Amino acid sequence: MNGVLIINKPQHWTSHDVVNKARRLFQEKKIGHTGTLDPLASGVLVLCIGKATKIVRYLESDDKEYIAELKLGTTTDTLDSSGCLLETREYTPPSRDEVQRALDRFRGNILQRPPAYSAVKVSGVPSYRLARRGTILEHKERPVTISAITLLEYCDPLVRFSVTCSKGTYIRTLCAEIGAFLGAGAHLTALVRTRAGRFRIENAIDLERLTQETSLGRAEQSLLSIREALVSFAAVTVDASEARKICHGNTIAVPSGSSMNGAPSLIQVLDRDGRMLAIATTSSGLIRPEVVIA
């Protein structure tokens, strides 16, 4: 099977657990995801199956949306409720306006330091493994973008908010930084990813239902085609001769009459039957295949 599967990941499952479950259900080894979710988190996890693994890089860079909850007054080593308590602080509960100003402080382009307990690799070893062995690393700050952040609910010590952010943003770190800004300290207590790119939680399937659909022989009905997953990419149709060239990784001229002669862009290349052949770039009147799908 080839396609994209939008899973509503349950809490306490790792992203790798979900991938392994899908491999058993689909009897397919080639499955990857487009962005890890911590075990504490639930929500949208996008899986690419079979030939769709070739398009992971075109999906993983999309922005994400979350609903998060933090608890003021306590900090942990993992920056979330799965970790060990580091400190309990006495603090004066901030007003709702003060909490909103704290959230606003992080809107825009910011620098963020990945947690020591994260999948960031150090000499090929995930940072969280080193941290569990007692080696706590301070990673370099990285640029991320918080395009929207909105206070949803505040009842001290709990703050619930929504956030839209770029790839690579750690919501755990954001919660800790909000707590530090308020002078109270904080850690993440709950997290739901509600959107990854154009894929929304209301269109995701949970593992129990996926298991049922698979047992009824309807697993493939849960998949989006590669074309559907990349619907935002313009498409160009080529003839049989051009299709052969594209499938061999060769550059071709933009078909006459096509509107693909503008600024460089990523496109889908289709044959006359509508079958997807490749993801390609267009530039200077040429189509250069980046990834051959067919």
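Visitor: Why is Arg 89 called partly exposed?
Guide: Arg 89 has a relative accessibility of 30%, and because buried means under 20% relative accessible area and exposed over 50%, with partly exposed in between (1.4 Å probe, protein chains only), Arg 89 counts as partly exposed. The model is a predicted one, in which local features need pLDDT of at least 70 and side-chain atom pairs count only at pLDDT 80 or more, while totals for chains, interfaces and linings use all residues. Residues are numbered from 1 along each chain as its sequence is written, and side-chain values use heavy atoms, with hydrogens and water left out.

Visitor: What makes the pairing of Arg 89 with Glu 87 a salt bridge?
Guide: The term requires a side-chain nitrogen of Lys or Arg within 4 Å of a carboxyl oxygen of Asp or Glu, and the closest N and O atoms of Arg 89 and Glu 87 are 3.1 Å apart, so the pair meets the definition. Glu 87, at 34% relative accessibility, is partly exposed. As background, side chains of opposite charge can pair when their charged atoms come close.

Visitor: Which salt bridge does Arg 200 form with Glu 65, and where do the two residues lie?
Guide: Their side chains meet with an N to O distance of 4.0 Å. Arg 200 belongs to strand E13 (residues 199-200) and Glu 65 to strand E4 (residues 64-72), so that the pair links distant parts of the chain, 135 residues apart; strands here are DSSP runs of at least two residues, and helices are runs of H or I of at least four, both numbered from the N terminus. Arg 200 has a relative accessible area of 36% and Glu 65 one of 21%, so both are partly exposed.

Visitor: What makes Thr 173 buried, and which residues is Thr 173 in contact with?
Guide: Thr 173, in helix H5 (residues 171-181), has a relative accessible area of 5%, and is therefore buried. Leaving aside neighbours within four places in sequence, Thr 173 is in contact (heavy atoms within 4.5 Å) with Leu 79, Gln 112, Arg 113, Pro 114 and Pro 115.
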